[in-house]
Amino acid sequence: MSESKFSRKKFLQTTGAALGGSLIAGPVGKNVSGKSKKNNREEKMRVALVGLGVRGVSMFGRHLVENYGDHLEIVGICDTNPGRLEYGDGYIGAGCPTYTNLNEMLENTNPDRLIVTTWDWEHHSCIITGLEHGVDVVCEKPLTIDEEKCQMIIDADKKYDNEVIVTFNYRYPPHRAKVKELIMDGAIGDIRTVDFHWNISHAHQMRYMQRWHGESQRGGTLWVHKNTHHFDMINWFLDSDPMEVYAQDALEIFGSNGPFRSVNCRNCPHADNCDYHWNINENDHLRQMYAENEHYDGYIRDNCVFRHNIDSHDKHSALVKYANGALLNYSLTSDTDHSGYWIAFNGTKGRLEGREGGWPSSSDHQEWILTPLGEEPRKVKVNFSDGGHWGGDPLLLHKLFADPDQPDPLHQHAGTRDGVMSVLAGVAARKSARSGLPVKIADLTSLKPHAKRPDRLV
Ligand SMILES: NC(=O)c1ccc[n+]([C@@H]2O[C@H](COP(=O)([O-])OP(=O)(O)OC[C@H]3O[C@@H](n4cnc5c(N)ncnc54)[C@H](O)[C@@H]3O)[C@@H](O)[C@H]2O)c1
């Protein structure tokens, strides 16, 4: 396959003389900006997309076509389900070739970047296939679901030159970026402990349990699928790696705990008695994307939340020791009245805390409370920005597709190492809850925890 004009290999070949031999010979920091110099970007970025569920067709499909046409061209889309592929093709409107096989798409379309929005347990194979074809990979969270697949991605990342980018959109909302900025500026000194407690609402949790997210071999349990976001936020805020995790969890509401069960929601005989009843056929978009294409692959979007094979938990609590000595007290409680979180950082020079959701607050800004040691608490207000995930999605997309060279002073750009470390914190928690013993991150893959996170895969 010919090399893309955006690839790091190509960039190094064309700029190697100017950069000097030391960079070529030494470990190369993986940086999109390095590969995408403006003089290489007169032509549009060629983007391919694999995985045409709700996330793929909306955030990375139609949205890119409608808003980023000046910067990129979608050159191929792929889904293993031919019905969903056809629906996604019409919905996205890119007018590009369609494929049910990823290898074939990459062979035929020669993209610069592959966007992976497949099922979590398929991410690793799509990432590795992309790298083998000399393509930069933009992968949805979680990077993958277990430590073996983490290691496969680490090995592939080391072997091939192209870059893996993880879409940690939770780093991008301006009110969270402000927290990172305050911490980096030393507003509260070195962080000693973090209290971080997240709630997932009834409506959100039932969507998880109706789908593959409820089954550990597919979503890695919420310890990985959901909490990858949360662990990544803390890893990022602290700029340190998780080192050891002790956890407990329980499944109290869903799965075999339910009072009755059926095949799926839409025809359920218990519909009138079930708090989780939902008729997918009332939503045209979801009916056409999922229900009408079940016969191809058996993927059912409205499974019973009380099916016996659910083994993802609905309450979680973990104590995480970081390599820089900080301690994280974390919990995730799901199926509550509201979604949101409360977070507090206790530092050597003060305290920073705030909450989102389930709290009387302004609809247009976030308030953080900063209390420098010996001083009165003061409010730090940050206006919300528009768009999905508290405004994080559009800012992430802008960085990835419109302005890859934009400076990254807050280190919001995330790669394989960040993705792996956030997954491993969840894997360690899952294992600890099963065994009753603390689990060391260093025992899971070849990566070792560092007090300050390195750029390289060490
Ligand atoms: N960052 C966020 O906040 C956020 C939000 C939502 C979803 N996500 C992530 O996005 C991804 C997709 O989520 P979704 O809700 O759209 O999932 P989904 O189950 O609705 O869709 C996944 C699609 O991928 C296809 N697929 C699976 N494996 C494939 C393969 N090997 N080759 C080709 N196609 C394949 C399936 O047929 C399906 O159409 C997940 O990893 C999820 O965790 C992230």
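**Sheet.** I looked up the strand order first. In this predicted model, nine strands form an open sheet with mixed pairing. I read the order as S14-S13-S12-S11-S7-S10-S9-S8-S16. Next I checked the edges. They are strand S14 (378–383) and strand S16 (439–440). Each of these pairs on one side only.

**Helix on the sheet.** I then asked what helix H17 touches. Helix H17, residues 416–435, packs on the sheet. Its contacts are with strand S8 (242–250), S9 and S16. The direction of H17 makes about 50° with that of S8.

Strand S9 covers residues 315–322, and strand S10 covers residues 327–336. They pair in the antiparallel sense, over seven bridges. I also noted that valine 320 stands opposite leucine 328 in S10.

**Domains.** How is the protein divided? I found domain 1 (8–169), domain 2 (170–254 + 311–443) and domain 3 (255–297). I followed domain 1 to where it meets domain 3. Six residues of domain 1 are in contact with six residues of domain 3. On the domain 1 side of this contact, I listed two nonpolar, three polar and one charged residues.

**Ligand.** Last, I went to the ligand. Which residues are closest to it? They are Gly51, Gly53, Arg55, Thr118 and Glu140, out of 24 residues that surround the ligand. I sorted the shell by class: seven nonpolar, 10 polar and seven charged residues. Helix H4 (residues 54–67) gives the most to this shell, with three residues.

Definitions and conventions:
Residues numbered from 1 in each chain as written. Predicted model: local features only at pLDDT ≥ 70, side-chain atom pairs only at ≥ 80, totals over all residues. Near = placed C-beta within 6 Å. Helix = DSSP H or I, 4+ residues; strand = E, 2+ residues; numbered from the N terminus. Nonpolar A, V, L, I, M, F, W, Y, C, P; charged D, E, K, R; others polar. Domains from an automatic or database assignment. Contact = placed C-beta atoms within 7 Å. Pairing = 2+ DSSP bridges. Axes fitted to C-alpha atoms, helices over the stretch in contact; angles between N-to-C directions.
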